[in-house]
Amino acid sequence: MASFQVLCVALFFSAFVYHSSTVDGSIINSMYLDWGSHHSAIQGDYLPLVLDQSSGTGAISKVAYLFGSVEMQIKFVPGNSAGTVTAYYLSSTGNKHDEIDFEFLGNSSGQPYTIHTNVYTQGVGGREQRFFLWFDPTADYHNYTIHWNPHAIVWYVDSVPLRVFRNYESKGIAYPNQQGMRVYTSLWNAENWATRGGLVKIDWKRSPFIARVRNFNARACTWYGPLSISVCALPSPANWWTSPVYSQLSYAKQGQMNWVRRNYMIYDYCRDTKRFNGQMPRECYLPQY
């Protein structure tokens, strides 16, 4: 009887894992407008994010995920976009929420966009790394991917990794693996802080500002509640993100990331000794990749 029960549980988990993996390839099927619907609308697999003096625009995925890969193609606000922020991130809800951030800070004409990345675990963030882009992100669409598995989080731009945040729970460092997170994207007014610490404000004469989003794709484990904590982490063919090949960057990918960090990184919290008074976060002393 005991072996029969074990078999039933195994079959249940196997079936659940099979159905937990999803591929969403259309914005209209996968997301809905959370705010700004008076001046924007999802058009199939395309969403214009609009910002004017009435409001910005935000969209959210219909379901939450735990582990996998989410990607989106974005074309940013051209010209003088100072004070605006285009956001694309994963987040749970509540005071002790988890979050994985891509935020793209606008600029005055001729200045590069800044990519702001961060990780929150149990409501605690403060793990910022920022980069300039090595191309003009307003001229064409580029792919921005967040890959998240039980081992690590990796941020990619056009398949080039920018940073890694590894799971060091065994050393007492919190890691986001207990909460399902929805995908958010938005364009909003952040003139209080976004450009040169808030010194450069939005030029509303140039509005409406429009960032364009398309080809949202979530190859990820759908969150069905606390049971997903174990189901989405099970090593299985359906949970492709748990494969050993995704546990660490390849040598070639490490080379790409080192090139980005050497040439385009402009801030790393792990180097900000003044901010932490020399008491650096524990993960800063551990290898990330």
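Tutor: β11 supplies three residues to the lining of the largest pocket, the most of any element. Strands are DSSP runs of E of at least two residues, and helices are runs of H or I of at least four, both numbered from the N terminus. A pocket is an open set of points on a 1 Å grid over the protein atoms alone, where a 1.4 Å probe fits and protein lies on both sides within 12 Å along at least five of seven lines; lining residues have an atom within 4 Å of a point. This is a predicted model, in which local features need pLDDT of at least 70 and side-chain atom pairs count only at pLDDT 80 or more, while totals for chains, interfaces and linings use all residues. Residues are numbered from 1 along each chain as its sequence is written, and side-chain values use heavy atoms, with hydrogens and water left out.

Student: What is the volume of the largest pocket?

Tutor: A volume here is the space filled by probe spheres set on the points, which are joined across faces, edges and corners. For the largest pocket, this gives about 400 Å³.

Student: Which residues lie closest to the centre of the largest pocket?

Tutor: Elements giving two or more residues to its lining are β5 (65-75), β10 (142-148), β11 (152-157) and β12 (160-166). Of the 20 lining residues, the closest to the centre are H147, V154, Y156, Y246 and L249.

Student: Which element gives the most to the lining of the second largest pocket?

Tutor: This pocket holds about 200 Å³ of space and is lined by 15 residues. With three residues, the element that gives the most is β12.

Student: R261 and D268 lie among the residues nearest the centre of that pocket. Are they buried or exposed?

Tutor: Their side chains meet in a salt bridge at 3.8 Å, N to O; the term requires a side-chain nitrogen of Lys or Arg within 4 Å of a carboxyl oxygen of Asp or Glu. Buried means under 20% relative accessible area, exposed over 50% and partly exposed in between, with a 1.4 Å probe and protein chains only. By this scale, both R261 and D268 are buried.

Student: How many residues apart in sequence are the parts tied together by E283 and R127?

Tutor: The side chains of E283 and R127 meet in a salt bridge at 3.1 Å, N to O. E283 lies in the segment after β15 (265-268) and R127 in the loop between β8 (114-120) and β9 (129-132), so the pair ties together parts separated in sequence by 156 residues.
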